[in-house]
Amino acid sequence: MLKLSVADDANVQPLASLNDHRMSHPPPSPIYTLRGAGGPLNSLHFRCYGEDAPLLFSGSGKGCIHIWNLNTRRTNKVIEGHSGSSIIWVCTKRSKDTLISQGRDMQICLWDLGEGRCDLLDSVWTGSVGFCQCSMLETSPISSLLAFAGQQTEEIKIIELPSKIQICTLMPVAKVGMVMCINLFQPDSCPGPLLLAGYEEGSLLLWDVTQQSILSQVKAHPDPVMCLTFDPTRLRGISGSSEKNLSSWKLDEKNNLQLQGGVTLANPGVSQLCIREDGKLLASAGWDSRVRVFGWKKLRPLAVLQYHTDMVLSVAFSDHQDPRQRLMAAGSKDQRISLWSLYNES
Amino acid sequence: MESVSDSDSVRLEVSACLRCLSSSDSSRNITVLQTLLSYLDEASHGAAQRAQFSRSHYSRTLRVLITTIEADWVHRLTARQREELWDALFLRGPPEQALLVLLEAIGELSPSTSLDHVVTITEKFLQDGRLTNLLWSYCVGSAQSDSPQLRETLLGRLSALPDIMANKLHHNISPLFLPQQYYPLLASAMLTALQRTCQALRDNINCSLAFVSQTLGKLCLQGHGLVLAAMAPRLSACTRSDMVWQRVCWKLFESIPQRSMECVLTALVPESLGRIVGNLVLRNKKAEFVITHKLLLLQYKYETGVLRTVLGYLAADRDRRPLLIQVLRCICQAWANPSAVKHTPMEQQLYVSKALLLSVSLLKDQELQDLRSELLQCLLGGMQSHLDSSVLRIRCVGMVVGECLSSRMDNADTKLKFEYEQDEETRELLSLMTPSGWCEPEPVDGKAHKNPLNQVSVLQHNIILTFIHKSSDDELTPYDMTEDQEVSQTSPPRYLRDCLESLMSSEDAMRVELSLKAADPLVRRNAFAAREISVQMSKVLLHMEDKYNIQGFLILRHAAMVALAVTDCIPVTQYLTTEFYSLNYSLRQRLDMLEVLVAAAQELSLPTTDKKNSSIISALDVAELPPFQGHDPVHWRQVVEKRIQSKTRRISKGASQPATAKATPNRYAPVAGYFFFPLLKNYDKPEVTFDLLGSDHLVLGRLIHSLGLFMHLAVNAPVVSPIMGSALLDFVWTVRYHTDQMVRRGVLFAVCSVFLSMPSQNLLLDLGDMLFETRTWLTDVAEGDPDADCRSLAVQSLVLLDKSLKKQLKDPQSPSLES
């Protein structure tokens, strides 16, 4: 009834009526799913550029890294390299066939995947017992910076790869609790890289890596910051917590963090947030087993995807060169990965 | 002496002329015509002779001319001669006589060139503005002193000229004689006459407006009130500043004959009354009656604008204000009268309410203080009788009026406040209290395009806004997100007994809600388990209260109870029907029982199809129930009635069913009696808490309606339907003239369904005498019931009855004829 009445005064609010009209579309279904990971899926990573078959890397709670071929929709290879400990993060380097994985066994491993190999190249001991995922910033085709949580709960270490030289250690003076999530990025305005970190107490800190100093601090959540993501082109980011609110914030010219409000979800708890490369979509992996999709510019809710039967732990957008092929993957505690094709028309 | 000889000479000469005209000798006729014409000219004869001619000989002359119209010499006249001599005689003389003779001739002549000629002259007569001359001649009294009969004839002809012409000429009529052109012409003639009157009064010449008034009255009496509507703006404009015009207008309306006063006033009412008619209402008893009584209390067809004008008119002048007070008293009485609330149509009650609010809003504070006690009395009595009504609309109107009255009386501490749903009607009523609207409309041309620039800028603004919206992420279409609800922690019960247990004893709101939601599907899925606990569960559900404010509580409970009644029909219906008459239930619960029984009967009577379809049907049923049906019995009834009506049509047309429909046993037919008969018992035994025939007529109406539904659903149960039908007719007979229209509607609905569902051969056999009594009663209702729904239902029943009887009498195979 309400929808009808709104649609009636189309002259007054053409846009609103249009939206209401379209709202009647039922939410989409996954285009396919991947089963057989044998554990909760903590981390997902696409690698779809180049000539090779598009790949999806997944790290499971049982310590396996699955490499899925998205053409055949089967596993190419399974790597078990963290002695059965849960894998919390997987990533590949752009330049080479190098895979980086982080496990709860306090190791970060580098794998060579070139020409069908899967050899352990190197490993780094972190000493962290937490769940904080690493963050990698590729500074040049050969070298990159890797930030990870250190042995002490509040400590963040940054090393250079492949030399493994430690660049700095970031320790906040104030009591902010365990470091929960980090994001390393290189803004245009600064010479050196910056690092965003969310802490147990609910604060977000912006670190200048070269100065090893805190540029800005903001209390984004009353509860621990579970995840954050940052859009370096628009200098905006968003963070999630164990409560119902997503908190959005912005980085101004003086590198100050400013809260911008956020979104309230129907159910509390977000495991991961991810922004699509074109800056149009934001996806959240909810503890209520739903993936929510928002328009990134205004945080307008666009879709609530219900497929999983347990907490969604990870969500990722693919890096296909052809935008029509872009995918979104969601990994859940129910041991399945669902793949979705959303808003790919333009 | 001289005048006598003068008159003789005129008479002799005219007689000679006329003789000459009638004879066949035509040589002198042109001169004769010229001689006659000269009597109409000022130059050639003395005033006395001219007056003599126009008084005594003019009509005769014209008649003779008409009789000679076929003569040879007339045909030999050149067109110019004819126009200047023959036609001119008609167009220059006293117009009233000419018009009468012309119309008389038109009436007598048969279609011919002569008729065409006369019609042309009449047309010319109208075009030359002779109507104005006619009216004006009566204004200045220059017209001959006529008899009342003549005047009446003239008035009749004037007002009915289009009819006379159309009767004679049929399709060949000139557009000038069409009412659309003639009446505006007449109106402008009257206006010109009035204009001249004003001028004459300024020049100290006496005038009489009686004839114009009579014409106006006659026109309005004959239903041409639009003439007045066309004149009124001009009158209104002229009277704005001109005192003479104002006096002329007042005089005009004062001299309107008594019997046409009402028509004139009603035609005038949409316009600005005050300036045009002045204090007519004080001087003319008839006008007073029309304005203060008829328009407000007897008629109710007018728009709110008319009410505003009438009451505004009464309020606008100091002399008329006592009338406003008097009117307000009458309206108060009418509004508060409990009998009126029961026996007058809804539309009239609405009209009276509007009048009440308008007149209260027009009162000054001092007057309000004087009337305070009376208003309070009216408010209290009226509120009670309105709130007692079982019709939602009446209650709503009562609440709005009560609120408005109490707020106007400025009882800061005792202001009434009701909760009702805002709709168009209530908003309109509320808007009547703002006093700005009643003033007379002033022309506002030139202000319409106040600021075109502004509009443009708004438009541009809109475009810019749209552009901004477009460029943001609005281009991404949201999907339906209604499913995104909070996830509950507890899981719904999986066994029926768990469900019952938590409904009975759980204190956990979440569990109760889930159990209630799960009850309907659980009962339907586990029919066997449901049969064991059906009565117990019905009891629990019936007594359940919405302790936790569960969303859609009523619908969920209703669905669960219906599921029980359908699954385990006989025990549950037995339980519900006995409980219906037992002690200590609220009205709400009793209504719930009826609703459940009805819904269950409906579901049972639907043909069972495969599981998928039935679930769709039940879903539809639930969807059709409005969420807060409990507060809106009318709506509920209408929904059900609509459903029934749609079915009715299908059955009566005998529409062919789709060929694929499979025959399935009717589940309702064998149990129809269990629904129906127990409810017929005990209705006349008043309990302490439940008096069906007394104050609880709301339930009575529903009960009868439900019985009607059971009857209707039994259309495919030929064994029981005759017994049910006669029992039902017996039952409703005692309450057929109930004061509450909801009960009457229920009764009529029940009667309708009896005629629909009973096999036609049983109608005569089983009902017999009762049928004819019913028929008389139905005719009575169809003619005289104040409620429109009742009337239409009665008509519908009559039609059904006739159809059924006719079918029965025509059908030679029918058993009643064999017997």
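This is a predicted model: local features need pLDDT of at least 70, side-chain atom pairs count only at pLDDT 80 or more; totals for chains, interfaces and linings use all residues.
**Notes on the two-chain model**

1. Residues are numbered from 1 along each chain as its sequence is written, chains are lettered from A and ligands numbered from 1 in the order in which they are written, and side-chain values use heavy atoms, with hydrogens and water left out.

2. Where does Ser390(B) sit? Look in the loop between helix H22 (365-388) and helix H23 (392-408) of chain B (helices are DSSP runs of H or I with at least four residues, strands are runs of E with at least two, and both are numbered from the N terminus). Leaving aside residues up to four places away in sequence, Ser390(B) touches Arg395(B), Leu698(B), Asp740(B) and Met742(B) (contact means heavy atoms within 4.5 Å). Val743(B) is 353 residues from Ser390(B) in sequence, yet the two C-alpha atoms are 9.1 Å apart in space.

3. Now chain B as a whole. Its secondary structure comes to 41 helices and 0 strands. Of its 819 residues, 51% count as buried. Take the contacts in chain B between residues at least 6 apart in sequence: 74% of these join residues at least 24 apart.

4. Helix H8 (residues 130-139) of chain B is worth a look, as 9 of its 10 residues are buried. The buried ones are Arg130(B), Leu131(B), Thr132(B), Leu134(B), Leu135(B), Trp136(B), Ser137(B), Tyr138(B) and Cys139(B). What do they pack against? Their partners are helix H5 (79-92), helix H6 (95-108), helix H7 (113-127), helix H9 (148-169), helix H10 (179-202) and helix H11 (210-221) of chain B. Just after H8(B), Gly141(B) has a positive phi of about 75°.

5. Next, a helix pair. The axes of helix H26 (residues 496-505) and helix H27 (residues 509-525) of chain B come within 9 Å and cross at roughly 140° (axes are lines fitted to C-alpha atoms, for helices over the stretch in contact, and angles run from 0 to 180 degrees between N-to-C directions). H26(B) and H27(B) are therefore oblique to each other; angles under 35 degrees count as roughly parallel, over 145 as roughly antiparallel, 65 to 115 as roughly perpendicular and the rest as oblique. Their crossing is left-handed, meaning that the near helix is turned anticlockwise from the far one by less than a right angle, with clockwise giving right-handed. On the H26(B) side the contact uses Leu496(B), Cys499(B), Ser502(B) and Leu503(B), and residues on the H27(B) side include Arg511(B), Val512(B) and Leu516(B). By class that makes 8 nonpolar, 2 polar and 1 charged (Ala, Val, Leu, Ile, Met, Phe, Trp, Tyr, Cys and Pro count as nonpolar, Asp, Glu, Lys and Arg as charged, and the others, Gly among them, as polar).

6. A second pair: helix H36 (residues 721-733) and helix H37 (residues 741-757) of chain B have axes that come within 10 Å and cross at roughly 155°. H36(B) and H37(B) are therefore roughly antiparallel to each other, and their crossing is left-handed. Ser721(B), Gly725(B), Leu728(B), Leu729(B) and Val732(B) of H36(B) meet Val747(B), Ala750(B), Val751(B), Val754(B) and Ser757(B) of H37(B). This contact has 7 nonpolar, 3 polar and no charged residues.

7. Over to chain A, where 4 strands form an open antiparallel sheet in the order E14-E15-E16-E17 (two strands pair if DSSP finds at least two bridges between them). Why do E14 (179-185) and E17 (213-219) of chain A each have one side without a neighbour in the sheet? They stand at the edges, each with a single partner strand. Neighbouring strands here are turned by 20° against each other on average, direction ignored. Strand E16 (residues 203-208) of chain A pairs with E17(A) over 6 bridges in the antiparallel sense, and Leu204(A) stands opposite Val218(A) in E17(A).

8. Finally, strand E6 (residues 87-92) of chain A is mostly covered, with 6 of its 6 residues buried. E6(A) runs antiparallel to strand E7 (residues 98-103) of chain A, joined by 5 bridges. Thr92(A) stands opposite Leu99(A) in E7(A).

Methods:
Buried means under 20% relative accessible area, exposed over 50%, partly exposed in between (1.4 Å probe, protein chains only).
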